Amino acid sequence: MVEEFEADISVRGEELWVLPRGDLDIAAAPELEETLSLAMASDAASIVIDLRGLEFVDSTGLRALAQAPQAEGGERISFIPGNDHVQSVFRISGLLDELPFRPAA
């Protein structure tokens, strides 16, 4: 069953949380990129991308996530690890140690 993709933004103190849910694939990547653009345009001290709601990530979704910290203001971004499948995509791609992951609060 394919999960409908959604990406919401939530304010938590001085942090802005991006909450993607469902399958992050080629069809969903533009929505995530738009949500990340909105988050990056904010003056939030930090932006947290919480991957726990994702069920699946393909190479297009991975690219969208990996490029976010490279954008202007991207130093504010950190990631909350997702499920084993999602994290294995980062591990296999070699990005697990390259991206700023942090423990869930």
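**Labels and their cut-offs**

Mentor: Let us begin with Arg21, which, apart from its neighbours within four places in sequence, is in contact with Glu4, Phe5, Glu6, Asp8, Gly53 and Leu54, contact meaning heavy atoms within 4.5 Å. This is a predicted model, in which local features need pLDDT of at least 70 and side-chain atom pairs count only at pLDDT 80 or more, while totals for chains, interfaces and linings use all residues. Residues are numbered from 1 along each chain as its sequence is written, and side-chain values use heavy atoms, with hydrogens and water left out.

Trainee: What makes the approach of the side chains of Arg21 and Asp8 a polar contact?

Mentor: The term asks for a pair of N or O atoms within 3.5 Å, where, within protein, one must be able to donate a hydrogen and the other to accept it, and where residues adjacent in sequence count only if both atoms are side-chain atoms. The side chains of Arg21 and Asp8 are joined at 2.8 Å, and the side chain of Arg21 also makes such a contact with that of Glu6, at 2.3 Å.

Trainee: Why is the aromatic pair of Phe79 and Phe101 called tilted?

Mentor: Rings of Phe, Tyr and Trp (its six-membered ring) pair if their centres lie within 6.5 Å, and planes under 30 degrees apart count as stacked, over 60 as edge-to-face and the rest as tilted. For Phe79 and Phe101 the centres are 5.5 Å apart and the planes stand at 40 degrees, so the pair is tilted. Phe79 lies in strand S5 and Phe101 in the segment after H3, so the pair ties together parts 22 residues apart in sequence.

Trainee: What makes the pair of Phe90 and Phe101 edge-to-face?

Mentor: Here the planes are 85 degrees apart, with 5.3 Å from centre to centre.

Trainee: How do you know that the charged end of Arg12 sits over the ring of Trp17?

Mentor: The label requires NZ of Lys or CZ of Arg within 6 Å of the ring centre and within 35 degrees of the ring normal. The charged end of Arg12 is 4.2 Å from the centre of the Trp17 ring.

Trainee: And what makes Asp58 a cap of H2?

Mentor: At the N-terminal end of H2, a side-chain oxygen of Asp58 lies 2.9 Å from the backbone nitrogen of Thr60. Thr60 is itself among the buried residues of H2, as are Leu62 and Leu65.

How values were computed:
Buried < 20%, exposed > 50% of the residue type's maximum accessible area, 1.4 Å probe, protein only. Helix = DSSP H or I, 4+ residues; strand = E, 2+ residues; numbered from the N terminus.
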